Amino acid sequence: MSDIILTTPLNKEQLQSLKIGDKVLLSGIIYTARDAAHKRLVALLVNGEKLPFELPGAVIYYAGPSPTPPGKVIGSVGPTTSGRMDDYTPALQDAGLAATIGKGKRNQSVIDSCVANKAVYFAALGGAAALTAQCVKEAEIIAWPELGAEAVRRLRVENMPLVVINDTNGNDLYIKAVEA
Amino acid sequence: MSREINVKDITAAITNLAISSNRKLPDDVANALTAARNNESLPLAQTTIDDIIKNQQIAADQKLPLCQDTGMAVVFLEIGQQLQITGGDLTEAINCGVAQGYTDGYLRKSIVSPLKRENTNDNTPAVIHTNIVPGDKLKITFVPKGGGAENMSRLAMLKPSAGIEGIKRFIIDAVREAGPNPCPPIVVGVGIGGNFEYAPLLAKQALLRTIGSKADDEDIAALETELLTAINKLNIGAQGFGGKSTALAVHIATAPCHFATLPVAVNINCHVARHQSVIL
Ligand code: SF4
């Protein structure tokens with residue numbers, strides 16, 4: 001099984017060719033956001049205001065890194081549990097968000113939104129956070145620094161290892177695994 | 001005769017434990033992960049556990065925490081009854097060590113007020129459990145406990161009539177419902193008996209037992225093996241991607257309970273099953 005190489009911005013055709021269980025190496029720009037940032041992102045969206053980054057084609061990574069030690073690009077930066085962001089994800093995907101990265105199950109409305117918007121949900125390796133930090137080549141806080149670990153960061157990643165959990169056809173790797 | 005220990009030494013020990021326990025797994029956990037890898041036949045499960053193992057080396061080499069979630073600080077103290085703690089307040093000394101360790105070690109500060117969600121900014125306060133034991137030593141065990149796995153933990157006040165079958169069902173259901181969320185391969189800590197607050201404490205303490213060690217009671221040891229086999233047939237697998245490595249171990253601790261009750265607690269730990277002890 002060879003890994004699929006993807007580079008941002010992601011287009012719909014690439015995303016539609018992905019299947020659950022595919023291993024992907026992602027390079028390019030992704031944005032970190034957790035609970036507090038999502039609340040603010042969706043509030044901006046609802047009010048028709050400008051978001052800190054362009055949503056069409058974008059990738060959000062549910063992650064709050066540990067503090068950056070001196071001389072490093074970033075601290076350890078593995079995924080957080082995605083389910084806490086489920087209430088926000090469909091609205092963001094309706095506005096063009098192409099993919100989300102986290103760990104753990106999504107609810108049916110996110111799975112349906114992935115089908116409707118041709119969006120994909122990837123899992124990063126939960127707990128393998130020092131390894132993931134090695135894939136981050138640049139990191140910059142672009143919004144809400146007062147949120148600390150939860151601030152929105154723009155990351156440039158190289159070959160970040162991901163697995164497709166929810167594809168554009170409504171499939172779910174977690175469900176398929178336990179049905180096998 | 002009593003022995004004295006200064007709180008400054010306790011603060012220093014906690015600082016060290018906070019940093020080192022977040023960077024290095026206990027040997028038994030690391031060995032169990034390697035064994036799980038060798039037991040897998042599914043390619044995706046193999047490469048997933050390979051990356052989990054690789055992460056340990058990178059964390060050590062780069063002096064980074066294994067996981068960005070460096071947890072809530074849970075501290076177990078076994079205080080010898082002949083020991084006198086001098087020079088200040090013990091609780092303050094522990095929290096001081098936590099604040100120092102999480103700052104010096106570039107560990108994430110994840111503790112907030114429960115309603116306003118305001119960060120305390122130094123990862124305090126710790127959750128401290130003390131036990132008075134014979135002797136004149138102080139044993140400190142430091143457990144950074146991540147939120148993802150803690151959220152998947154459960155407590156039930158079962159009816160005694162539920163019996164052993166009800167207990168098994170509750171434990172397996174807790175693991176099944178948790179699925180990929182607590183970062184499997186997990187360690188399952190179970191507390192059976194005690195009461196409403198004691199069962200979860202037993203479950204948490206059970207997480208600290210060495211993986212591969214047997215429970216003292218033969219029936220409990222057999223129950224642990226049976227549950228581990230059943231859990232690893234759920235096919236949740238490493239990270240929930242499928243495979244045999246849902247859990248590395250099931251550890252059960254028991255205590256007598258009131259004859260009207262049957263408390264059962266399941267505390268789940270992720271594959272970053274951190275804990276470290278020191279004796280002062
Ligand atoms: S559950 Fe454990 S491994 Fe997963 S993110 Fe939390 S602390 Fe890290």
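**Close-up views of a predicted two-chain model**

**View 1. The aromatic pair of chain A.** Over all chains of this predicted model, the count of aromatic pairs comes to 1. The two partners are A:Tyr31 and A:Phe53, whose rings are stacked, with 4.0 Å from centre to centre and 5° between the planes. Because A:Tyr31 belongs to strand E2 (residues 23–32) of chain A, while A:Phe53 sits in the loop between helix H2 (35–46) and strand E3 (59–61) of chain A, the pair ties together parts that are 22 residues apart in sequence. Both A:Tyr31 and A:Phe53 are buried.

**View 2. Packing of helices H6 and H8 in chain B.** Helix H6 (residues 163–178) of chain B packs against helix H8 (residues 218–231) of chain B at an angle of about 40°, and their axes are 11 Å apart. This angle makes H6(B) oblique to H8(B), and the crossing in which H6(B) passes H8(B) is right-handed. From H6(B), the residues B:Ile164, B:Lys168, B:Ile171, B:Ile172 and B:Val175 meet B:Leu223, B:Glu226, B:Leu227, B:Ala230 and B:Ile231 of H8(B). Sorted by class, this contact of H6(B) with H8(B) has 8 nonpolar and 2 charged residues, and no polar ones.

**View 3. The surroundings of B:Leu33.** B:Leu33 is placed in helix H2 (residues 27–39) of chain B, and it counts as buried because its relative accessibility is 0%. Leaving aside residues up to four places away in sequence, B:Leu33 touches B:Leu25, B:Ile49, B:Ile52, B:Ile53, B:Gln56, B:Pro185, B:Leu248 and B:His271. One of these, B:Ile52, is 19 residues from B:Leu33 along the chain, and the C-alpha atoms of the two are separated by 8.3 Å.

View 4. Most peptide bonds are trans. In chain A, however, A:Thr8 and A:Pro9 are joined by a cis peptide bond with an omega of about -5°, and A:Pro9 is found in the loop between strand E1 (4–7) and helix H1 (12–16). In chain B, a cis peptide bond joins B:Thr124 to B:Pro125, with omega again about -5°, and B:Pro125 lies in the loop between helix H4 (90–104) and strand E4 (127–133).

**View 5. Residues with positive phi.** Although A:Lys118 is not a glycine, its phi is positive, at about 55°; the residue is found in the loop between helix H4 (108–117) and strand E5 (120–123) of chain A, and A:Lys118 counts as partly exposed because its relative accessibility is 26%. B:Cys183, also not a glycine, has a positive phi of about 60° and is placed in the loop between H6 and strand E7 (186–194) of chain B. With a relative accessible area of 7%, B:Cys183 is buried.

Definitions and conventions: Residues are numbered from 1 along each chain as its sequence is written. Chains are lettered from A and ligands numbered from 1 in the order in which they are written. This is a predicted model: local features need pLDDT of at least 70, side-chain atom pairs count only at pLDDT 80 or more; totals for chains, interfaces and linings use all residues. Side-chain values use heavy atoms; hydrogens and water are left out. Axes are lines fitted to C-alpha atoms, for helices over the stretch in contact, and angles run from 0 to 180 degrees between N-to-C directions. Helices (H or I, at least four residues) and strands (E, at least two) are DSSP runs, numbered from the N terminus. Angles under 35 degrees count as roughly parallel, over 145 as roughly antiparallel, 65 to 115 as roughly perpendicular and the rest as oblique. A crossing is left-handed if the near helix is turned anticlockwise from the far one by less than a right angle, and right-handed if clockwise. Contact means heavy atoms within 4.5 Å. Ala, Val, Leu, Ile, Met, Phe, Trp, Tyr, Cys and Pro count as nonpolar, Asp, Glu, Lys and Arg as charged, and the others, Gly among them, as polar. Buried means under 20% relative accessible area, exposed over 50%, partly exposed in between (1.4 Å probe, protein chains only). Rings of Phe, Tyr and Trp (its six-membered ring) pair if their centres lie within 6.5 Å; planes under 30 degrees apart count as stacked, over 60 as edge-to-face and the rest as tilted.
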